[in-house]
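Q: I am new to this structure and would like to learn how to read it. Where do we start?

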Amino acid sequence: MEKAFINWSGGKDATMAYFLLSQSARYQIRYLLTTFNEAYRRVSMHGVRESLLELQVRALGLPLKKIWLPEQASMEIYNQQMSHALKSLAEEGIHTAVFGDIFLEDLRQYREKQLAQAGMQAVFPLWQMDSRQLIEQFLEAGFRAIVVCVNAQKLDISFCGRLIDETFLQDLPPDVDPCGENGEYHSFVFDGPLFRFPVLFQKGEVVEKHFSPSTDASSEWDTRYWYCDLIPENENGA
């Protein structure tokens, strides 16, 4: 079996990639690798608390490797930190990285280029799958996930903090990918067939954040996002 690690955000796509690989005897997943915002101790991608992600990976029974990034991390800093992490993994004989990307070709090329420099290869278990069928397969398998971040130009605040289910999918606007593959929304998975126990949390406040506003009013993507805070029950004294 090939030793591998999964680039992990805690969301549905990475979870589904792991689920599909778990049904194969080809790969042995050794680590989940996640980038965190050092200032806020939250997942860089969508703001999930470090403590909640730690509960999630404990439920999955896999060790977590963390990459810490400053609040305003440039691509140069990101690449440096990732390079250090890849070197450490390679020293353990791990040369395969797993991603949950579905059809973003430019992102795939970037990942493959960075890994090649470290003597590694990339695996994309979900590549070119129909995103509607994929999210339905995710739900049919018994996974449960909640939306933790939405792009404010594509989805309004009402979508942030919703459970992903058939009603959620029916309510998505027609120009939004069912899996949010274009960054329309991000999720956190808290239960399912890979979990030894469900991850318990309470929903906190929903906040709006802006990132480097663009002066181009015609830009397709806004820089406004809605974030739903998820609070582990033990942090509430529950």
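A: Start with the elements: helices (H or I, at least four residues) and strands (E, at least two) are DSSP runs, numbered from the N terminus. T15, for example, lies in helix α1. The model is predicted, so local features need pLDDT of at least 70 and side-chain atom pairs count only at pLDDT 80 or more, while totals for chains, interfaces and linings use all residues. Residues are numbered from 1 along each chain as its sequence is written, and side-chain values use heavy atoms, with hydrogens and water left out.

Q: Is T15 buried or exposed?

A: Buried means under 20% relative accessible area, exposed over 50%, and partly exposed in between (1.4 Å probe, protein chains only). T15 has 0% relative accessibility, so T15 counts as buried.

Q: Which residues is T15 in contact with, leaving aside its neighbours within four places in sequence?

A: Contact means heavy atoms within 4.5 Å. With those neighbours left aside, T15 touches W8, G10, F138, F143, V189 and L194.

Q: How are two packed helices described?

A: The description uses the angle between their axes and the distance between the axes. Axes are lines fitted to C-alpha atoms, for helices over the stretch in contact, and angles run from 0 to 180 degrees between N-to-C directions. Here the axes of helix α1 (residues 12–22) and helix α5 (residues 131–140) come within 11 Å and cross at roughly 70 degrees. Angles under 35 degrees count as roughly parallel, over 145 as roughly antiparallel, 65 to 115 as roughly perpendicular and the rest as oblique. The helices α1 and α5 are therefore roughly perpendicular to each other. K12, T15, M16 and L20 of α1 meet L134, I135, Q137 and F138 of α5.

Q: How do I read aromatic pairs?

A: Rings of Phe, Tyr and Trp (its six-membered ring) pair if their centres lie within 6.5 Å; planes under 30 degrees apart count as stacked, over 60 as edge-to-face and the rest as tilted. There are 10 aromatic pairs in the structure. In one of them, the ring centres of F36 and W68 are 5.2 Å apart and the planes stand at 35 degrees, so this pair is tilted. F36 belongs to strand β2 (residues 27–37) and W68 to strand β4 (residues 64–69), so the pair ties together parts that are 32 residues apart in sequence. F36 is buried, at a relative accessible area of 0%, whereas W68 is partly exposed at 22%. F138 and F143 form a stacked pair, 5.0 Å centre to centre with 15 degrees between the planes.

Q: How do strands make up a sheet?

A: They pair through backbone hydrogen bonds, either parallel or antiparallel. Two strands count as paired if DSSP finds at least two bridges between them. Here 4 strands form an open sheet in the order β8-β7-β10-β9, with antiparallel pairing. β8 (185–191) and β9 stand at the edges with a single partner strand each, so one side of each lacks a neighbour in the sheet. Strands β7 and β8 are joined by 6 bridges, and A145 has V189 in β8 as its bridge partner. Strand β7 (residues 144–151) pairs with β10 over 3 bridges, where C149 partners Y227 of β10. Strand β9 (residues 201–210) pairs with β10 over 8 bridges, and K209 stands opposite Y225 in β10.

Q: How many residues of β10 are buried?

A: Strand β10 (residues 224–232) is mostly covered, with 8 of its 9 residues buried.
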